[in-house]
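Please read the following explanation with the sequence and the 3D view side by side. It takes up the ligand and its surroundings, and then turns to a group of strands.

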Amino acid sequence: MSHFRYVDGELHVEAVPVRRIAAEIGTPFYCYSSATLIDNYQAYAKALGALGVDVFYSLKANSNQAVIRTLAKAGAGADVVSVGEMHRALKAGVPAGRIVFAGVGKTRAEMRAALEAGIYQFNVESAGELEALNEVASALGRKAPVTLRINPDVDAKTHAKISTGKSENKFGIDIDQAAQVYSAASRMPGIEILGLAVHIGSQLTDIAPYRAAFAKIAELTSTLRKGGMKVERIDLGGGVGIAYRDETPIPLEDYARLVREVIQPLATRIEIEPGRSIVGNAGILVSEVVSVKEGVSRTFVIVDAAMNDLIRPTLYDAYHAILTVKEPAKNAPVEPADVVGPICETGDRFAEQRPLPPLAPGDLLAFMTAGAYGAVMSSTYNTRLPAAEVLVRGDRFDVVRPRPNYDHIIGLDRVPDWLS
Ligand code: LLP
């Protein structure tokens, strides 16, 4: 059951009417549902738990402390891609031993900080990074626990900007060079080489690319073992894609069956780093209509959220369903409208020619499925205040990130003496 639904004609998140939150804290704001977060995490735990798969929630999708804490309490570890995210995970209560550090450009300072914290694993993406990590760890008198991220040269069949598994993408070590780098790693004093990692892209709705990538990883594992190497961990990367519009997500049971068939026989520890499928449908962005402009060729609904709050439509032409917070009458007419923000760019558009009921200033809209890669990708472009963030649990809601004020934002700048 969705925790976002109309009750008595008003959109609710769990038992809280969205309108009540808007009245108390103003718009725009993100609103997350604890129950959805937990359901989504449990779905992974249930489908993959029997295979002994460890779930590391990918913080990049949404790194609010309250979200991380909710998931950590449910049992999730954390997948981080910067030391900033590592600090967020630690602060939210994820033990260092449950943190995986991935990412294509870890600096030496980041490596040092993560080693000192004692994280569970580094997913290393190149021979150069491996050498740097070896040096940093050796200088600290430590051994860094490492998996090598392999680029399997598989087309994930997702949006080009979030496809990562082809050899022309910047990610991972080319599969043809993997055995050589793995063997070099096994001789480095500062490296404990433990296994392999693979992530071919995000928002996958076809299981075939996973099958192709996992098969290549299984084959590589056998080759490495024949060469006398130990392979004890396999990290399968991000989670499955989700439904924004009419996509059919890969059922987790199908994904689990694939893992059971291709990866489990290798008898390694198995890890997964889902982000979007945990938080995506657990969040909405709520915005108020500022004005409605009847143009010559189009109607523009101008709202108080903008591309600085939710950049996915601008960046990836992403679709987010738009609901009116007041449930439209069953027979209400719909007319196509462009839903746009106030930013001075044509790309500041949430939807083009979207069928919507008639709208007026003051009406509240909800951009659905905005919990992943929403708030975390926001900015203060046009000196706009970032949206507040709210977490609902049952019939209560709490502000989990207040909207900053202008002093907070403008006060970060410094005017040099010589300008005074
Ligand atoms: N692991 C690695 C190494 C990744 O690069 C990613 C996502 C994940 C895990 C989590 O993948 P997920 O389970 O969320 O699919 N901003 C884009 C998505 C970027 C994804 C980047 N990497 C969007 O809004 O669609």
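Among the 18 residues around the ligand, the ones that come nearest are S202, E273, R312, Y316 and Y373. Keep in mind while looking at them that this is a predicted model.

G275 takes part through its backbone: a polar backbone atom of G275 is 2.8 Å from a ligand oxygen atom. On its own, the ligand has 590 Å² of accessible area, and the protein covers 91% of this. As for its location, the ligand sits in the largest pocket.

Now move to the start of the chain. Strand β1 covers residues 4-7, and it pairs with β2 in the antiparallel sense, over four bridges. Within this pairing, Y6 is the residue that stands opposite L11 of β2. The hairpin formed by β1 and β2 has two residues between the strands, and in this hairpin D8 takes a positive phi near 50°.

The hairpin of β2 and β3 has two residues between the strands, and E14 takes a positive phi near 50° in it.

Next, consider β2 by itself, residues 10-13. Are its faces covered or open? Both faces are covered: E10 and H12 lie on one side, L11 and V13 lie on the other, and all of these residues are buried.

E10 lies in strand β2. Why does E10 count as buried? Its relative accessibility is 18%, and buried means under 20%, so E10 falls within the cut-off. The side chain of E10 also has a partner: a polar contact of 3.0 Å joins it to the side chain of R19.

How values were computed:
Residues numbered from 1 in each chain as written. Predicted model: local features only at pLDDT ≥ 70, side-chain atom pairs only at ≥ 80, totals over all residues. Heavy atoms only, no water. Buried < 20%, exposed > 50% of the residue type's maximum accessible area, 1.4 Å probe, protein only. Pairing = 2+ DSSP bridges. Near = heavy atom within 4 Å. Polar contact = N/O pair within 3.5 Å; in protein donor to acceptor, adjacent residues only side chain to side chain. Areas by Shrake-Rupley, 256 points an atom, 1.4 Å probe, with all protein chains shown as cover. 1 Å grid on protein atoms, 1.4 Å probe; cavity = no way out; pocket = protein on both sides within 12 Å on 5 of 7 lines; lining within 4 Å. Sits in = over half its atoms within 2 Å of the grid points.
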